[in-house]
Amino acid sequence: MLKLIRGITAEISGTGENAIYVDDAVSRLEKLCAERPGSVSLIYMDPPFMTGKKFEIKAMVGKDEWKSGKGTLVLPAYSDTLKTEDYLALMRRVLCLSKQLLAPDGLIFIHVDYRANAYIRLMADEIFGEDRFINEIIWAYESGGRSKYNFARKHDVILLYAASDAPDLHIDDVAEVQRGERKNHMARGVDEDGRTYRHMTVGGKTYRYYDDEPVPPSDVWTDVSHLQQRDPQRTGFETQKPLKLLERIVKCASREGDTVLDPFFGSGTSLEAAAEYSRRFIGIDSNPLCSELARARAGENACIIRPENDGAPLCEAERVEGITFASVYLEAFQIEEGLLPIETGGLDAVNGWAVGTVKNGVFYEIASETRSRKEPALKGEIRVPINETGLCLRISDVLGRRFFYEL
Ligand SMILES: C[S@@+](CC[C@H](N)C(=O)[O-])C[C@H]1O[C@@H](n2cnc3c(N)ncnc32)[C@H](O)[C@@H]1O
């Protein structure tokens, strides 16, 4: 029988340079403002939208569900039911704190829809300044049905503001060759090499726009589709945004090594995009399940911090130079009776597990195994250096809980 360890306050894997906080956005942003004001290059936020609804996570249990991407375990994700005045008070505080955290050349993208747009636009104009407004990006998509009673609502709004009059926005980095025929008033032509272009003459000067040259997107984004039901990116989190949307934002509004912050990270889409482009990230979400989703997507070099961890050191993980390795096997994990509406066996109820060491209430990950759509099955074997003493086990279950055991 393994001995359960209590009071683990942080978990570090790899370099631990990225931070995932299980916390309320306002209280964590207040602490970050005190610790590191003006240090964040890009803030993306996708807060609740004033929908009045409760959202769910369809968690996948076991190898077969991970393979199919269809989860059967329904867990609460978040409740978007604040009264309008409470919602606006929350957003005002989040935006004010975000402003303090932004670097002088920083940028903030605020993702809303038709419900919160008008309120948040006026609020952000007031907080950041009307002259810091850059764009109202319309993200238009085609998913879902059509209504008989109104024009189907098929777009979200992403408000873009700068921290100063010299933002580091490099739109050319997200230029793409346009697919399909471009319809506009310009005349068409073909040059001597057979390349097609459009041209216009202004003030005696002729401008040519080649069809095969990358063009930066306008403020209407129609080329990023919403996640389809069977999209391999799907984590089961109901309001998950597509990675392509966040890749575009991260690429044009930050550079390698910059810090990206998302105070409502949900399933961790922005954190995955940040890691993909070698940005550092800070994610905050009050739902502990979200930290487990984000761990699977971007947890390689992250420090996961829980609220009770206030004051614990955010130290660099130690590199383990193992000479000889041994295997640790995990064969079965059973969840307490009555907690799951389905039967599980073997490692079905495990989403991931890791072997590490514990010092001062911090779990330092040495090696781990996490389910993903690419690797839906857990091998149940982790190799660790034999010279490590005091090894511990971390098990993350399908309910988003983590357990630590002495080995
Ligand atoms: C729309 S979802 C974010 C989805 C995310 N962009 C994605 O791609 O998965 C909003 C998130 O905000 C979180 N949230 C709501 N109120 C919060 C608060 N006061 N502090 C921290 N997180 C909060 C919810 O738990 C939820 O995960």
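**Helix packing and an open sheet in the predicted model**

Helix α6 passes helix α7 in a right-handed crossing, a crossing being right-handed if the near helix is turned clockwise from the far one by less than a right angle, and left-handed if anticlockwise. The structure is a predicted model, in which local features need pLDDT of at least 70 and side-chain atom pairs count only at pLDDT 80 or more, while totals for chains, interfaces and linings use all residues. Residues are numbered from 1 along each chain as its sequence is written, and side-chain values use heavy atoms, with hydrogens and water left out.

The axes of α6 (residues 269-276) and α7 (residues 288-298) come within 9 Å and cross at roughly 20°, where axes are lines fitted to C-alpha atoms, for helices over the stretch in contact, and angles run from 0 to 180 degrees between N-to-C directions. The two helices are therefore roughly parallel to each other, a term that covers angles under 35 degrees. In the contact (heavy atoms within 4.5 Å), T269, L271, E272 and A275 of α6 meet A294, R297 and A298 of α7. The residues of this contact divide into 4 nonpolar, 1 polar and 2 charged, with Ala, Val, Leu, Ile, Met, Phe, Trp, Tyr, Cys and Pro counted as nonpolar, Asp, Glu, Lys and Arg as charged, and the others, Gly among them, as polar.

An open sheet of 3 strands has the order β10-β11-β12, with antiparallel pairing; pairing requires at least two bridges found by DSSP between two strands, and helices (H or I, at least four residues) and strands (E, at least two) are DSSP runs numbered from the N terminus. Strands β10 (187-190) and β12 (205-210) form the edges, each pairing on one side only. Strand β11 (residues 196-202) is joined to the antiparallel β12 by 6 bridges, and Y197 stands opposite Y210 in β12.

Conventions:
Angles under 35 degrees count as roughly parallel, over 145 as roughly antiparallel, 65 to 115 as roughly perpendicular and the rest as oblique.
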